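Q: Hi! Could you walk me through this protein model? I'm new to reading structures.

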Protein chains: 2
Amino acid sequence: MYTLYHHSFCPHSRFIRLVLGEYGLDLTLVDERPWDRREAFLALNPAGTTPVLLTDGFPPIPGAGIIAEYIDETHGPEMGDRRLLPVAMAERIEVRRLMAWFNEKFFEEASGPLVTERIYKRFMSEEVGGGAPAMDVIRAATANVRYHLAYIGWLARTRNFLAGDRLTYADLVAAAHLSAIDYLGDVPWSEDDAAKAWYARVKSRPSFRPLLSEWLAGVPASRTYVDLDF
Amino acid sequence: MYTLYHHSFCPHSRFIRLVLGEYGLDLTLVDERPWDRREAFLALNPAGTTPVLLTDGFPPIPGAGIIAEYIDETHGPEMGDRRLLPVAMAERIEVRRLMAWFNEKFFEEASGPLVTERIYKRFMSEEVGGGAPAMDVIRAATANVRYHLAYIGWLARTRNFLAGDRLTYADLVAAAHLSAIDYLGDVPWSEDDAAKAWYARVKSRPSFRPLLSEWLAGVPASRTYVDLDF
């Protein structure tokens, strides 16, 4: 039994929800607003970031990358062909490379600033940086989405899934980050058919459904957010 | 046989050199200046960052965290008690938490800006951001070092090594990041005796010697950089 401290539009949290969904693991969600810096939350994760996974008998597990390694080590072996971090070393390297690409690079350049400016800042008080979105930050991040989308399209044209023949962490992490900003209408899908077709496949998986049912009061979802045939 | 594309003051590269040194693995170093964005280097790692580890039969392994996982999976088991990512799950979680703490948080808040402003910018052309260091960035990063040093001191007072009883990746990653900025004199050791005593122990390991022999023309090392009894 797992408990996940998350924010519904935190891309890293969305990735972990997809992973647990794919493995059929039960999950209780606890809504956390990391910018509140609650003392009890900082005790779970001194870095103050979501997600944090709790499970009996272990210390709190902080951060998408560390949770993904934990889930692989505890549940991966029993999953056989459905293991999301493949056993072969060359594939592990490529899947981990793409995990870092999205959790670090895409987050820093695109999903992080877009979610912060357009969602988090609505709920933050002025003292912790809330207020109107910075349009220059949004413009820069939106431009970055385009080159990342082209990279995803290149991978999707070269391979069946992003890291190779099968669904892996790489697909889930990319789709998680994209889904958070797709809600905002910030993914120019028409620019890359291969990327769009790949995302449509991942988005139609049952593990994705809970994410698509997350709506934010006062922030309408984009036209394509829920549509599986966008 | 391993080849590491690195920069001598890249904190992430230093961490990997310490790891390979502790395990007694042979290493050829290739100096890379990531800001040059050499095409051949981008082919090894599209993210364009150091370090990248090359070894026969596998794709290039990019990034300190991914290299550390690779080394653990290929060499860890034969190391027994000297394994730097311990086998027990609770310890793996804590070691990985501290790896992320230093490779991501400490790097973003302290070692990254300090090394960039005070070292890399000397060698970068103006078009890619070279020039005089931004003093406000240096001031903010220097202030951040102090709270990180207090956290290291708290860990060192609570435990024998940063993540527990034995030397792990956590000690090597923390010491690697600190060593890069200690060269610049940016670590106020006198503020925390426990942190200083822990660093003196890690610094005196044979794996550390190659780092301490790295000198930079035109940038003198701080008084305490090489001194094992600083």
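A: Happy to! One term to start with: a residue is called buried when its relative accessible area is under 20%, and exposed when that value is over 50%. Also keep in mind that this is a predicted model.

Q: Okay, so is A:T224 buried or exposed?

A: A:T224 has a relative accessible area of 13%, so A:T224 is buried, because that value is under 20%.

Q: And where does A:T224 lie in chain A?

A: You'll find A:T224 in the segment that comes after α8 (209–212).

Q: Which residues does A:T224 touch?

A: Leaving out residues up to four places away in sequence, A:T224 touches A:D182, A:W189, A:K203 and A:F230.

Q: Let's zoom out. How many helices and strands does chain A have?

A: There are eight helices and four strands in chain A. Following the sequence, their pattern is β-α-β-α-β-β-α-α-α-α-α-α.

Q: What about domains, which ones does the assignment give?

A: Domain 1 of chain A covers 2–82, and domain 2 covers 89–212. The centres of these domains, taken over C-alpha atoms, are 18 Å apart.

Q: How many residues of each domain are in contact with the other?

A: On the domain 1 side it's 22 residues, in contact with 27 residues of domain 2.

Q: Switching topic: what does the radius of gyration say about chain A?

A: For 230 residues, a compact globule would have a radius of gyration near 17 Å, and chain A has 17 Å, so the two agree. Along its principal axes, the C-alpha trace spans about 50 × 45 × 25 Å.

Q: And how much of chain A is buried?

A: Buried residues account for 58% of the 230 residues. As for the surface, chain A exposes about 9600 Å², with carbon and sulfur atoms supplying 52% of that.

Q: How many positive and negative side chains are there?

A: Chain A has 25 positive and 31 negative side chains, and the centres of the two sets lie 4 Å apart.

Q: One more residue, please! Where is A:Y23 found?

A: A:Y23 sits in the loop between α1 (11–22) and β2 (27–31).

Q: Why is A:Y23 called buried?

A: Because its relative accessible area is 7%, which is under 20%.

Q: What does A:Y23 touch?

A: Not counting residues up to four places away in sequence, the residues A:Y23 touches include A:I71, A:H75, A:M79 and A:R82.

Notes: Residues numbered from 1 in each chain as written. Chains lettered and ligands numbered in written order. Predicted model: local features only at pLDDT ≥ 70, side-chain atom pairs only at ≥ 80, totals over all residues. Heavy atoms only, no water. Helix = DSSP H or I, 4+ residues; strand = E, 2+ residues; numbered from the N terminus. Buried < 20%, exposed > 50% of the residue type's maximum accessible area, 1.4 Å probe, protein only. Contact = heavy atoms within 4.5 Å. Rg over C-alpha atoms; globule rule 2.2 N^0.38 Å. Areas by Shrake-Rupley, 256 points an atom, 1.4 Å probe, with all protein chains shown as cover. Lys, Arg positive; Asp, Glu negative; His and termini not counted. Charge placed at Lys NZ, Arg CZ, Asp CG, Glu CD. Domains from an automatic or database assignment.
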